[in-house]
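Colleague: I would like to learn how to read surface charge, helix faces and salt bridges in a model. Please take me through them briskly.

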Amino acid sequence: MNKNTVILTHAGADLDAISSMYAAGKLYPGSFLIDPGSMDEEARKMSEIFGDMLKLVKVKEIPRKIRAEIKRVIIVDTKIPQRVGEGREFLKRKDVEIIVFDHHPPSPRDIKNAKIVSRNVGANTTILVNLLKKKKIILSPMEATLLALGIYEDTGSFMFPSVSCEDFEAISFLSSFGINMKIIRSFVSPFLNRTQLTLLKNLLSGITEKEINGVKVAFARAETKKYVQGISVVTHRLREMVNSDLIFVIVKNKEGVFIIGRSNSPVYNVKEILLPFGGGGHITAATAILEEGDPDKIQSLLEKRISEINFGKLTAADIMSSPVKTIDAKTGIKEAYKIMVQFGYSGLPVDEKGRITGIISKRDIEKIMLAEKRNRPVKQYLTPKIVKVKPETTLEKIEEIMAENDVGRVLVAKNGKVIGIISRSDLIKALYMERKMFSGKGFEMKSASPFPAEVKMLMKSRLPEKVYYLLELFGKLSAKNNQQIYLVGGSVRDLFLGIRSLDFDFVLSKDATEFGNMLSDALKTKVTIHKDFGTIHFSYEGYEFDFVTARREWYNKNSILPNVENATLKEDLSRRDFTVNAMAISIMPYDFGRLIDLFNGLKDLSEKTIRVLYPLSFLEDPSRLLRAIKYEAKLGFKLSEDTEHLFKKAVELGALMNTKSQRITQELFELFSETYSKKAINLMEKRGVLKEFFGIKRLSKIKKEALEEEETIVSKYGLSRLKINLFILLYGKKKEEIEKILSGFSVKKKTIKEITNGLRIIRQIRRQKKIKEENVLELIKMPKEISAAVLLLFKDKKHKEELMEYLENPDKLKPEITGKDLKALGLKEGKQFGEILKELIILKLKGKIKTKKDELDYVLQNKERFEWKTKN
């Protein structure tokens, strides 16, 4: 029993709220279901019919002693404490556990310090019913009917766009107990009654439509003498009759003023629009109730509110390629084709004496080349039709303009100057992204479509407080500087994966260096600015922050580093290695948390997939081959089928042969240094990378066994993995070959010598029945990593145990006498001191001397072999 538990819901409770309360009561038997204090007409009717089952109570009806012992509060159908009806006082107690069951999207006003169970479903009751199903709780037909009412109401009898599979699962479960559909129809009839039809007629007669902030908005107002039940149903019907992005119905009667908002897309967040009116609900459907108000003034306030909101819709400025790459009118067809292939363009504007005179497409060029007219100038074949749009033009409008003008690309112009270009493929990708971003689904890794508010909350919960504060500051400074700023790359990936990040990368739309000066002034700290590269960097309390101006890259033949020039965010993201690293999050004040995911990175992240952005990615930057292996080994990801094919082809074409590349060496040595190095090496074997670098087609049994045992010895002695892994992989090779391989990676001569000497000792020891003391001495003096690697590669158990004893207890072999003792004996200082101590170690290894006295006696007994200061 749960006599210390109360169940609350929002004021103005509807059928879904009351049904949710009852379902929560079944999950927590014995709880008190608190009357919310106010309900809509249908909920009031429900509470009368099902009163004996519901047993709603007022707070004051609970005995004072029991009230004082309430330890758990369940809230249903809302997460906002201000919306909770009666019983809100329980939330102020510090010693209560708060559990929330709610299907509304998260908002900044959500209750803090609560366990929240939230699902992206049409009805809140669905969440609780599916939990009842999981717990195999048996219901009576009347109970099933009561719960079904909430689901039918909030899903519009399964006609609303918010309906999910889970809603159908819940109603199927309830149907197994027998739902009384006659009762359901009496509450949620699909037909409007006479009063509702009259209201619909009045609303239609006074409807007005306006375009505000690029959004088509319809307003319908009416006044009624009595309260009309089901205004939301009437609004739903009205929305189906009006072709607008948003519709607001304002109905005034003796009960107050009802504002019902609906949108045809989650892009237009009506819940956010109605926040100042105390509204609540969903992104596409929200309601606010005022005690009084003038409908004219309310509409004016709504218009002002809509004009102030940035709905996060993508515009031409967001997706255009900039600066515009043009081609001179005199350029030959063959050269034009070469340029398009190099930069990946499907068409280019043609420039003649500083003026764009037309467009030449790659498709047309290919046809011309087939006709053997390769040297003719492009101006003879250009398409003179030029269509321009403004930077603020929406994607839908661009789509319409392209269709009307039958063109494959449009230019973006501002104040008469061309600043960008958009191709049809650019538009299709961007439209898909926008529709995916605003699909209406709440943020789950599976949905790959989080809303800005959800991403913002994720950032606030997962980023350190100081970092989150800085991100907000960066956004404010960028706004003052009249440019956009985005968090990009690995830090975005790690945010969604829940991995702590110490490095944060940002892209600025205009000038990173100018932003750097502002940042230095704001933080009163040193900011490193590289004007030539358009980058800035600064460190802050252990975190690293790097900023660049958005750029595009391309590679010349045989170049190691790319050529770089300023570009748009889209082009900057398109130059990155994998889709999971090609996401950006706006941190501007007006759309903080807006995810830009042009390449389905979040979807790949949720599916643990590594995918390149374009076919030549590995060939242009072979270090990406090693980064792909890193993500496979470190994160447990898999290459997509097409990426695996491109990986294989790049290796076959010798992309990794330039081992002198600093980036390749850096990536390789990072792989060998990490805890996941064994897995990375196995993947390198599988994908042919070891063959390219070390001539290893298949790892031998002894090498595999050494890699398996490596972690134990590394952890035990706190060793570095890099030298050990190199040593294992080079085992069995000739000295000349080893030197050639390691020199190719720019390894220091000292390290090369250590590795070759270590491998020589292995060969020598393998030929010995008993390990020679000279070999042990040499091994002890080597770096611990080399000694450990030697140990790992021994098959002979006896040799292995013997070496382990020496390596684990090197101090036992250390002579007890020192140079000071030798000096005191009268020996002449110099090289002989080292030789004497080395000789003593070998004697200790042989067991011929044990104590300090033995050591001194040996020196004196062999005095004729040494140089003395004075005759003894």
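Colleague: Which residues form a positive surface patch here?

Modeller: Patch members have over 30% relative accessible area and no salt bridge, and like charges are joined within 9 Å. Lys and Arg count as positive; Asp and Glu count as negative; His and the chain ends are not counted. Each charge is placed at NZ of Lys, CZ of Arg, CG of Asp or CD of Glu. Areas come from the Shrake-Rupley method with a 1.4 Å probe, and for residues only the protein chains shown count as cover. In this structure K691, K697, R698 and K704 make up a positive patch.

Colleague: What kind of model is this, and how are residues numbered?

Modeller: It is a predicted model: local features need pLDDT of at least 70, side-chain atom pairs count only at pLDDT 80 or more, and totals for chains, interfaces and linings use all residues. Residues are numbered from 1 along each chain as its sequence is written, and side-chain values use heavy atoms, with hydrogens and water left out.

Colleague: Where does R698 lie?

Modeller: Helices (H or I, at least four residues) and strands (E, at least two) are DSSP runs, numbered from the N terminus. R698 sits in the loop between α29 (689-694) and α30 (701-717).

Colleague: Is R698 buried or exposed?

Modeller: Buried means under 20% relative accessible area, exposed over 50%, and partly exposed in between (1.4 Å probe, protein chains only). With 61%, R698 is exposed.

Colleague: Which residues of helix α14 are buried?

Modeller: In α14 (residues 333-343), they are I333, A336, M340 and F343. Their arc around the axis is only 105°, so they lie on the same side of α14. That arc is taken from the directions from the helix axis to the C-beta atoms. K334 and K338 are exposed on the other side of α14. G344 follows α14 and has a positive phi, near 75°.

Colleague: How many salt bridges are there?

Modeller: A salt bridge is a side-chain nitrogen of Lys or Arg within 4 Å of a carboxyl oxygen of Asp or Glu. By this rule there are 36 salt bridges. One of them pairs D296 with R221 at 2.3 Å, N to O. D296 belongs to helix α12 (residues 295-308) and R221 to strand β7 (residues 215-223), so the pair ties together parts 75 residues apart in sequence. D296 is partly exposed at 41%, and R221 is partly exposed at 31%.

Conventions:
Patch = residues over 30% accessible without salt bridge, like charges linked within 9 Å, V, L, I, M, F, W, Y side chains within 5 Å.
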